[in-house]
Amino acid sequence: MERFGLVGLPNAGKSSLYNALTSGSALAAPYAFATKDPNIGVATVPDHRLVALAEMSKSRKVVHAQVEVVDIGGLVEGASKGEGLGNRFLANIREVDALVFVLRAFADGDVPGPDDPLEHLRVVEIELALADLETVEKQASRVTKATRMDKSLVDDADALNAALKALSDGRPLYRGGLSEHQREVLKPYFLLTNKPVLAVVNVGEDELDVVDAKVAPVVAEFAALGDEVEIIGMCVQLEAEAAQLDGEDRREMLEGLGLGDGALPRTVQAAYHLLGLRTFLTTGEDESRAWTFREGSKAPVCAGRIHSDLQRGFIRAEVIYWDELLKIGSWNKAKDVGKLRVEGKDYVVQDGDVLEIRFNV
Ligand SMILES: Nc1nc2c(ncn2[C@@H]2O[C@H](COP(=O)(O)OP(=O)(O)OP(=O)(O)O)[C@@H](O)[C@H]2O)c(=O)[nH]1
Ligand SMILES: [Mg+2]
């Protein structure tokens, strides 16, 4: 399963957010390095399309997509040089597919540490960039030399030198001005900042009416560099408290606070999307289900998510977009009125497609 990691300074609220996202019970405590070993859990990806289809089909079972969340220990200044428990946490970060920065903006005298999200961002970015710089410095000179003998390494050398330039200027690679191709070429080098990024700004309980203002400096910081990074403001503490309640009570609490559905659904969806993950659906009386696939996958690969036999013996897929099916009212009716498209093995499945696979093994 693809995983995203919660990254930030001590006491930013990572473990609290982790618990809220996974219904976990990680230790969240007001001292640095409360988390040492990473907590790994699973978050459900909320999907209103699935819920609507399940209702339409009167499904006995509804199965949501899931994504893995890793709660990593707090980084401190100097982590790249081994400060704190630095190197260990950097290794944990290397193992995730996307980064969710948790930036503290709440003031609380009982919780040590800065409450300026830009200060958090600055330290996290410097430490990750310095760790990458060390890796890239070694590789850039080695690979550049090797191009004299092996021309196939020219792209690598070019990407590594571009990375070297960005990192030397203190810019992480996700906003280092590299081309998509260069970022792709750098993937096998396992760099920390060559991963997609999302930021959560953790505001105080008494700041719900000024969330946008608290988030604005972080938005501006990223905007200045012209890159697209999704930034979500929330009070992690309140979201975590609400997450512990059951359906109706939770809704009441969130509504009472004027938070609508809360910020957790959007956070999971954004992280899922950031990981390049997309959803196709199946629906019937037995179950309605959301299946995860990589963006750009073709029908047989998607069929293989359901069962390897479906990929091996793939003949064709019957396909309809979820909201069209919902309008028609049932799979059989959609078939009768000729609204199911028949797609072959080259069909690139779209997010929100409802599929039925024909196969023969
Ligand atoms: N007042 C307030 N306290 C919060 C909020 N979010 C988290 N906290 C508190 O801050 C403390 C640290 O939270 P954690 O979730 O343990 O922080 P962490 O980022 O996991 O910290 P480390 O594991 O040490 O890196 C805990 O006592 C939380 O209850 C918030 O939104 N408001
Ligand atoms: Mg923690």
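Colleague: What percentage of the 361 residues of the protein count as buried?
Modeller: This is a predicted model, in which local features need pLDDT of at least 70 and side-chain atom pairs count only at pLDDT 80 or more, while totals for chains, interfaces and linings use all residues. Residues are numbered from 1 along each chain as its sequence is written, chains are lettered from A and ligands numbered from 1 in the order in which they are written, and side-chain values use heavy atoms, with hydrogens and water left out. If buried is taken as under 20% relative accessible area with a 1.4 Å probe and protein chains only (exposed being over 50%, partly exposed in between), the share of buried residues is 48%.

Colleague: What is the radius of gyration of the protein?
Modeller: The protein has 14 helices and 12 strands, which are DSSP runs (H or I of at least four residues, E of at least two) numbered from the N terminus. The globule rule, 2.2 Å times the number of residues to the power 0.38, is compared with a radius taken over C-alpha atoms. For 361 residues the rule gives 21 Å, so the protein is as compact as a globular protein of that length, its own radius being close to that at 23 Å.

Colleague: Where in the chain do S15 and T35 lie, and how many residues apart are they?
Modeller: S15 is in helix α1 (residues 14-22), whereas T35 is in the loop between α1 and β2 (39-45). S15 counts as buried at 7% relative accessibility, and T35 does so at 9%. The pair links distant parts of the chain, with a separation of 20 residues.

Colleague: Which side chain of opposite charge is nearest to buried K195?
Modeller: K195 sits in the loop between α6 (180-185) and β6 (197-202), and its side chain reaches the backbone oxygen of V96 at 2.6 Å, a polar contact being a pair of N or O atoms within 3.5 Å, where within protein one must be able to donate a hydrogen and the other to accept it, and residues adjacent in sequence count only if both atoms are side-chain atoms. K195 has no salt bridge, meaning a side-chain nitrogen of Lys or Arg within 4 Å of a carboxyl oxygen of Asp or Glu. Lys and Arg count as positive and Asp and Glu as negative, with His and the chain ends not counted. The nearest side chain of opposite charge is 6.1 Å away and belongs to D97.
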